[in-house]
Amino acid sequence: MDTGVAAQSLAYPFGNGRGLDLEEQYARLRDTPGLARVRLPYGDDCWLATRYADVRLVLGDSRFSRQMAVGPAVPRTTPQQPGAGGILNLDPPDHTRVRRPATKAFTTRRVELLRESTRRIAERLVDEMIEYGSPVDLVEHYALPLPVSVICDLLGVPYADRADFRTWSDAFLSTTLLPPETVGDYAGKLWAYMGELVARRRVAPAEDLITAMVQVRDEAGDLQEQELVQLLAGLLVAGHETTASQLPNFVYALDRHRDQWELLRQQPELVPRAVEELMRWVPLGVSASFPRYAKEDLMVGDHLVQAGEPVLASIGSANRDERVFARPNEIDITRGDNPHLGFGHGVHHCLGAQLARMELQEGLAALARRLPTLHVAVAEEELAWKDGMLVRGFRELPVSW
Amino acid sequence: MDRRRWQVEVDRDACIGSGMCVGTAPDAFDLVEGRSQPLAERIEPDEQVLAAAESCPVEAIRVTDVDTGRQLAPPAD
C-alpha cells in the first residue's frame, strides 16, 4: 500500500491550455502507482487522480465532498476564493434540493423536443456563413449563436441581451483572465440581471424555464430566492459557454484528423458516435479543477486518502486510460462502447449533458452536410487560443470551405 | 405488514452510467459494470430515491407504488 507520504509535489497545471494535446505528464502518472502530489498556484498541495477507475471514484463516491471546498486553502488556479453555495459547491441533500427543480427540463425526452428547432437554427447559421463568404470566424458566426439561441429560448432570456451576458459569463470561467474584483463585479451584474428576469416572470408568466422554476420555488418554498437566481444564471452560462468552446474544438480536431472528417461526411449516421468520441478525446478543461475533500479515510485505488484531504480528478487523463479505451490517443468516430467522463460523473454530472449532446450533434451534422470541404483557414501558429480560462478553446477560429 | 411499498427498476439499456443516482441515493443504487442497479427492488418510501429517479438524465429509473400500481417517477409530463 502507498502510505501517502508526499514526495516532492509536481507543479500543476502541467500546461497553459493553449492547444488540445493532453500534457504528456498524465500518461506517465497513469502508469505510476498511487496518486500524484501536486502544487497549484493557490491553496494547499493536494492529490491528483489520473486513472479512469480512480477519477470515477473521486467524482462519484459520496464519501467525497465538494461542500468542504471553502476558504483560502482550497487548491486552485485562480486568485479568487471559491464561493460558497451554487450547485457545484454543494453535496446531497442540499445539492439535490437545489438542482432537482431544474432536472426535468434537461432529460433526453425534453431535449428531443428541441432538436428540430436546433437543426433549423444550425441550417440558418450555415446559410448566413455561405452568404457572408469564406473565410469566416466559426466561433462568432456559428459556435456561439447556436447554443446561445437554444438556451435563451429554453430559459426565456432575451437573445438581444447576449452581448451583456456574454461579457459577464467570463466571470464564471476565468482563472487569470480577469482580476478578482472584475470577477465579483461581473458575477454580481449577471445575478442582478437574472434577478430582474425572475421578478418579471413572477408578474407576467411565460412558457419558459425561468417561469417554471419561479413557480416551483413559490409553491414548494424550499429554494431561497438567491439560490434560484444563481441556479438560473449558472444555467445561462454553462448552457452556452461549453458548447461554444467544444464545437470549434471538434472542427479543429477533425481537420487535424482529416480521415475522420471525411468518414463523418460520408457516413452522417456516425454523428452521435463522433460526438461521444470527441467528448472523450478533447480535454476541455485546461486542468483538473473543483477538488473533492475526503469526508473520512478511504482508499482510492491502492492509496489511502485521509479525512479532510483534497483530491483533484483529471477527466482528460481518465478519458485516455488504455485500461478502458483501446488506442486511447486516436480519434475513432466509429468507437462503439465509449464510457467517457467528458460530462463528469456522480451528482455533479453535467445537468445539460443531453442538451449539449443534441446541440453538438446537430451543430456538427449541419457543417458536415452543407460544408463538406470545411477546414481551418489559418496556420497552427496563428491560432487564437483562449487564455486564463477554465476551458480550452478558441477566441476565434477562421474557417474556409 | 410489509413496509416496502415501492418498487425500483433501472432500465440498464437506457442507463448511461452518469452516477447521479448512486451519488444522490447511495443506499439504494450501485454501479455494476458501469451501469446503475438498484440494491433492492422493493424499498420503503424514500424521498432521496424519488429525487434520484427524477435526476436521471435519461429517465432510466422507474419508481412504482406497489399497492396502487401508480408510477411515482419519472413524472408523466
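Student: What pLDDT does chain B average?
Tutor: Chain B averages a pLDDT of 95, and 99% of the residues score at least 70; pLDDT is the predictor's confidence in each residue, from 0 to 100. This is a predicted model, in which local features need pLDDT of at least 70 and side-chain atom pairs count only at pLDDT 80 or more, while totals for chains, interfaces and linings use all residues. Residues are numbered from 1 along each chain as its sequence is written, and chains are lettered from A and ligands numbered from 1 in the order in which they are written.

Student: What ipTM does the predictor give the complex?
Tutor: The ipTM is 0.95, and the pTM is 0.96.

Student: How many residues does each chain put into the contact?
Tutor: Chain B gives 17 residues and chain A gives 20 residues; two residues are in contact if their C-beta atoms, placed from the backbone, lie within 7 Å. On the side of chain B that touches chain A, α1 (20-24) and α2 (47-55) of chain B each supply at least two residues. Helices (H or I, at least four residues) and strands (E, at least two) are DSSP runs, numbered from the N terminus.

Student: And by class, what is on that side of chain B?
Tutor: That side of chain B has 7 nonpolar, 8 polar and 2 charged residues. Ala, Val, Leu, Ile, Met, Phe, Trp, Tyr, Cys and Pro count as nonpolar, Asp, Glu, Lys and Arg as charged, and the others, Gly among them, as polar.

Student: Where is Thr96(A), and what does it contact?
Tutor: Thr96(A) lies in helix α3 (residues 94-103) of chain A. Leaving aside neighbours within four places in sequence, Thr96(A) is in contact with Thr24(B) and Ala51(B).

Student: Why does Thr96(A) count as buried?
Tutor: Thr96(A) counts as buried because it has 23 C-beta neighbours inside 10 Å. A residue is buried if 20 or more other C-beta atoms lie within 10 Å of its own, exposed if 12 or fewer, and partly exposed in between, with C-beta atoms placed from the backbone.

Student: Moving on to the chain B sheet, what is the strand order?
Tutor: The order is β4-β1-β5-β6 (chain B), an open sheet of 4 strands with antiparallel pairing. Two strands pair if DSSP finds at least two bridges between them. β4 (42-43) and β6 (71-73) of chain B are at the edges with a single partner strand each, so one side of each has no neighbour in the sheet.

Student: Which strands of that sheet does α2(B) touch?
Tutor: α2(B) packs on the sheet and touches β1 (6-10), β4, β5 and β6 of chain B, and its direction makes about 140 degrees with that of β5(B). Axes are lines fitted to C-alpha atoms, for helices over the stretch in contact, and angles run from 0 to 180 degrees between N-to-C directions.

Student: What about the sheet in chain A?
Tutor: Chain A has an open sheet of 6 strands in the order β1-β2-β3-β9-β6-β4, with mixed pairing. Its edge strands are β1 (10-11) and β4 (64-65) of chain A, each pairing on one side only. Helix α2 (residues 52-60) of chain A packs on this sheet, touching β3 (46-49), β4, β6 and β9 of chain A.

Student: Why is α2(A) largely enclosed?
Tutor: 8 of the 9 residues of α2(A) are buried, so the rest of the structure largely encloses this helix. Among the buried residues are Tyr52(A), Asp54(A) and Arg56(A).
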